[in-house]
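Okay, everyone, thanks for coming. Let me put the sequence and the model up on the screen, and then we'll walk through it together.

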Amino acid sequence: ARRGLKKGIFIMETIPKKSKVYTKTGDKGSSSLFTGERRMKTDRVFEALGTTDELNATIGIAREHCLLANFGHEEKLEEIQSRLMDIGANIATPRDSDHDRKVQFTVF
């Protein structure tokens, strides 16, 4: 726990411990797509996913600034973030996959 004073008021906040995630697949330079297909981490699909995630995070920051400044664009930015999540799912699911059901989840 961390203790301190903030504007004359004593506060005590608990700093949460980070959880460790174990996939038990090991890290041999590959990762899984939505279909379970494994590809090398250097595959262009992971570059596209990372870029999409970074864009989504940046829009989230912009959305928060709009909210704080009362600009009124928050709902539109939230919709854009939602579409970026759909795009990420689509990128992570190869169209030539044998997993038709998973491909259906990514159609928009």
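Which residues does N56 touch, not counting residues up to four places away in sequence? The answer is Q81, L84 and M85, where contact means heavy atoms within 4.5 Å.

Quick housekeeping before I go on. This is a predicted model, so to speak about local features we need pLDDT of at least 70, side-chain atom pairs count only at pLDDT 80 or more, and totals for chains, interfaces and linings use all residues. Residues are numbered from 1 along each chain as its sequence is written, and side-chain values use heavy atoms, with hydrogens and water left out.

Along the sequence the pattern reads β-β-β-β-α-α-α. Of the 108 residues, 19% count as buried, and here buried means under 20% relative accessible area, exposed is over 50%, and partly exposed is in between, with a 1.4 Å probe and protein chains only. The accessible surface of the chain comes to about 9,200 Å², and carbon and sulfur atoms account for 56% of that. That's Shrake-Rupley with a 1.4 Å probe, and for residues only the protein chains shown count as cover.

Back to N56. You'll find N56 in helix 1, residues 44–69, and N56 counts as buried because its relative accessible area is 10%.

Now the helix pair. The axes of helix 1 and helix 2, residues 74–91, come within 9 Å and cross at roughly 170°. So helix 1 is roughly antiparallel to helix 2. The axes are lines fitted to C-alpha atoms, for helices over the stretch in contact, with angles from 0 to 180 degrees between N-to-C directions. As for the wording, under 35 degrees is roughly parallel, over 145 roughly antiparallel, 65 to 115 roughly perpendicular, and the rest oblique. Among the residues making that contact are L49, N56 and I59 of helix 1, and E78, Q81 and L84 of helix 2. The contact residues divide into 13 nonpolar, five polar and three charged. Nonpolar covers Ala, Val, Leu, Ile, Met, Phe, Trp, Tyr, Cys and Pro; charged covers Asp, Glu, Lys and Arg; the others, Gly among them, are polar.

What about the loop between helix 1 and helix 2? N70 is found there, and it has phi near 60°, a positive value in a residue other than glycine. N70 is exposed, at 66% relative accessible area. H73 is also found in that loop, and H73 counts as partly exposed at 47%.

Last stop, the core. The largest nonpolar core is made up of L33, V45, F46, L49 and A92. Such a core is a set of buried Ala, Val, Leu, Ile, Met, Phe, Trp, Tyr and Cys residues joined through side-chain atoms within 4.5 Å. Leaving aside neighbours within four places in sequence, V45 is in contact with L33, R39 and I91.

Notes: Helices (H or I, at least four residues) and strands (E, at least two) are DSSP runs, numbered from the N terminus.
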